[in-house]
Number of protein chains: 2
Amino acid sequence: MNIPQTSFPRVVIIGGGFAGLAAAKGLEREELQVVLIDKHNYHTFQPLLYQVATGGLEPDSIAFPLRKRFNDIDNFYFRLAEVRSIDAERKLIHSSIGSLDYDYLVIATGSTTNFFGNTNIEKFTMEMKSIPQSLNIRSLILENFEEALLTSDLEERRKLMNFVIVGGGPTGVELAGALAEMKKGILPKDYPDLDIRMMKINLIQSSDCILKGMSEKASKKAEDFLIKLGVDVWKNLRVLNYDGETVSTNGEDHFKSSTVIWAAGVKGEYVKGLNAECVIERAARYKVDSFNRVTPHTNIFAIGDVACMETENFPKGHPMMAQPAIQQGRLLAKNILAELKGKQLKPFKYNDKGAMATIGRNKAVVDLPKWKFQGVFAWFVWMFVHLFSLIGFRNKAVVFLNWVYNYVRFDRETRLIIRPFKKRNEYSFENET
Amino acid sequence: MNIPQTSFPRVVIIGGGFAGLAAAKGLEREELQVVLIDKHNYHTFQPLLYQVATGGLEPDSIAFPLRKRFNDIDNFYFRLAEVRSIDAERKLIHSSIGSLDYDYLVIATGSTTNFFGNTNIEKFTMEMKSIPQSLNIRSLILENFEEALLTSDLEERRKLMNFVIVGGGPTGVELAGALAEMKKGILPKDYPDLDIRMMKINLIQSSDCILKGMSEKASKKAEDFLIKLGVDVWKNLRVLNYDGETVSTNGEDHFKSSTVIWAAGVKGEYVKGLNAECVIERAARYKVDSFNRVTPHTNIFAIGDVACMETENFPKGHPMMAQPAIQQGRLLAKNILAELKGKQLKPFKYNDKGAMATIGRNKAVVDLPKWKFQGVFAWFVWMFVHLFSLIGFRNKAVVFLNWVYNYVRFDRETRLIIRPFKKRNEYSFENET
């Protein structure tokens, strides 16, 4: 990997998401060599992916170049690579660009979509965990509308205008809400020949409430908001299969749809190589102790979505969200520094700052530890928190500008098919014109 | 194509570039049915593609959704399709989504890269006529830098850091300047391990001056600016071949380079179907009379880059730039309306408003008909004119914000590899994560 050997201990961090960035930041300007490896050259602000998918934000405004973040830090190295395996015995990682030895290894690889082994669903549904995937959804939605215009077969048209979102967590709820906003404000104007009543947005949740991790009040209100926006919310319904045409379920309801978005589960994206007992197979997450150590190793850590710290309050590990990831990353940096100085390590204690989700214009739900509220104010709080959390002044400014514009003009202007998704097989990079 | 037949005459416009948009705009709210067909669902502001390619602007800010532009116009139809041929006898066009008859046909398909029949050059060089192509260049530049870091073979590293731009027209000059700005302000910070002196930017021009269509003063000053920025300007040098490794020329100089951008020529992107005498083979442009009619047809028009109107001042047709395209589009709309009312048509007369090019920060050249100037003021004029010409308030605002940010911070923040170009064969849409 062409990284110089120094007398400083080397910390290798895999992944530049919330957890990895927080850890890297905490190790800046210390007597350490830090190597950050990511398969993208940018950090993705995942909470806003759904806005990219629905034409509300440009992809470049929720991505931040990782090199820029650290380009004034000495003894810091970034490498664009995919890590393929870990050799704990030899303290080595193997990647697409070669191997590298480490003194401390921080695994912050995050999570990936969980299809629960259903290969049909994996093949035919859309996932939304990365920017290219969100752009694929954006293209597909618009391509389906273009196609719906052309057919006079009503069944076919209905299928093209029928959207199914599987999973009533924050991702599914926010995406369903954003699609409903498109249905209200934009698509009828852009496609005046189509009967917009044919457009259906279905949100399917296998359990009996949406936003399961949030308060009952938030869950109920979010459902009200969605229904008011015209989303069909299906509860206690489990999707069993999708063959590219029909979504079949464990109930009597089946859905003919050209666009199925799978937001029904995530699992850890763990790296191969550690012993079986290090990984909780079901969740594909590393089992970590209260210092985020992947036991029995003392120099391998996992943080964020890929780490599962089983505690009394969280017997199945912390929620796979930004907050635990950031807090674990920050603490781990401190603990690594403490260990190097021979000091005592501090166990992780999750400071639950609450959760929030936005459904649409003026419609959001916020659960703070001591205060739960919904509606317009919640929506402003949601926006403020997300704007504040984005990395980089330019990104903040561009997102703010877009939000103000979208709000004032009831618009979402980045409804662009830059790289077609449906015609991707015809699509050639060389001849693209 | 599922477009209703009405009693109004139907005008079919192929292409939503500068020419097609101007024509469509001029035909709004008249007793006509207008059908605009484009292979993208957005208008591309081509003059700023080079800024997308060099990380200065996000692609979405120079694209404008075509449906939005016309969504409040009655009797206007947009179709996302590729037109494959024209059947003048039956007054029909054939496209990827079916056929359509027309009363008037406006061909505004623009231009495409001209490789002058060299298939090697076509295969191995990068072109920059569309947003996806610009994004490919952006990815390639950054991927090459990431790769340069990894190799300890100096020859290989030199090749990865050697950029060759063929063609000293506005596109080549602006791209070379932007790359030089990246070399100055950004790349040394992002890649502190690389010796930035190894990065070379070569601009190769076959004739004895760059910016050939502009004044001698502008050409000379632009060259000075480029040299000051560290660009190697090669004049009277013709590129003969490129095999993916080495650029060979008609001189003694050869260039080992991983990134060759071909900006040495454009040709019309004419549609098949009309008789041979309608097309000027060499330029692939339609021969049009002073009313932009593709003679002998009286109801088929060509405007913009794809039209070649041979006049005394422009024996080889007007320059393939935005201004003639917009002016022809506007006049054509008026002429079609005049003809429908039985009035006299007006012949086209090009109002040359001048030309301009930007080289870098505070460095531009402007030729107005009566005033030629260069430097800081020219640079502000260039920015103002381009900002003003962009379609859409949101686009203007986002571009302005980026420019202010880039200027104040000496930065270009969208240096993101969203879709890798080099690894495009490994890249699968389904499994992208």
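A cavity here is a set of grid points where a 1.4 Å probe fits but cannot get out, and its lining residues have an atom within 4 Å of a point. Helices are DSSP runs of at least four residues, numbered from the N terminus. Keep in mind that this is a predicted model.

**Exercise 1: the enclosed space**

Task: Find out which helices supply at least two residues each to the lining of the largest cavity, and describe that lining by residue class.

Solution: 
- Step 1. Start with the whole set: there are 5 cavities of 30 Å³ or more in the structure. The largest holds about 140 Å³ of space.
- Step 2. Go to its centre. Of the 14 lining residues, those nearest the centre are Leu135(A), Ile418(A), Pro59(B), Leu135(B) and Ile418(B).
- Step 3. Assign the helices. H5 (131-150) of chain A and H5 (131-150) of chain B each put at least two residues into the lining. The biggest contributor is H5(B), with 3 residues.
- Step 4. Sort by class: the lining comes out as 7 nonpolar, 1 polar and 6 charged residues.

**Exercise 2: where the chains meet**

Task: Work out how much area is buried between chain B and chain A, and which element gives the largest share of chain B's side.

Solution: 
- Step 1. Interface size is often quoted as the accessible area lost when the parts come together.
- Step 2. Apply it: chain B and chain A bury about 6300 Å² between them, and carbon and sulfur atoms give 53% of that. The contact takes 65 residues from chain B and 65 residues from chain A.
- Step 3. Count the polar links. There are 24 residue pairs in polar contact between chain B and chain A, both partners at pLDDT 80 or more.
- Step 4. Strand E4 (63-65), helix H3 (66-70), strand E5 (76-80), H5, helix H8 (187-190) and helix H12 (393-409) of chain B each supply at least two residues to the side touching chain A. H5(B) takes the largest share, with 10 residues.
- Step 5. Classify that side: 29 residues are nonpolar, 14 polar and 22 charged.

**Exercise 3: salt bridges between chains**

Task: How many salt bridges cross the interface of chain B and chain A? Track down a couple of them.

Solution: 
- Step 1. Get the counts. Over all chains the rule gives 42 salt bridges, and across the interface of chain B and chain A it finds 14.
- Step 2. Look at Asp193(B), whose side chain meets that of Arg79(A) at 3.8 Å, N to O. With the cut-off at 4 Å, the pair counts as a salt bridge.
- Step 3. Now try Glu146(A) and Arg67(B), which form a salt bridge at 2.8 Å, N to O. This pair crosses from helix H5 of chain A to helix H3 of chain B.

Conventions. Residues numbered from 1 in each chain as written. Chains lettered and ligands numbered in written order. Predicted model: local features only at pLDDT ≥ 70, side-chain atom pairs only at ≥ 80, totals over all residues. Heavy atoms only, no water. 1 Å grid on protein atoms, 1.4 Å probe; cavity = no way out; pocket = protein on both sides within 12 Å on 5 of 7 lines; lining within 4 Å. Points joined across faces, edges and corners; volume = space filled by probe spheres on them. Nonpolar A, V, L, I, M, F, W, Y, C, P; charged D, E, K, R; others polar. Contact = heavy atoms within 4.5 Å. Buried area = accessible area lost by both parts, 1.4 Å probe. Polar contact = N/O pair within 3.5 Å; in protein donor to acceptor, adjacent residues only side chain to side chain.
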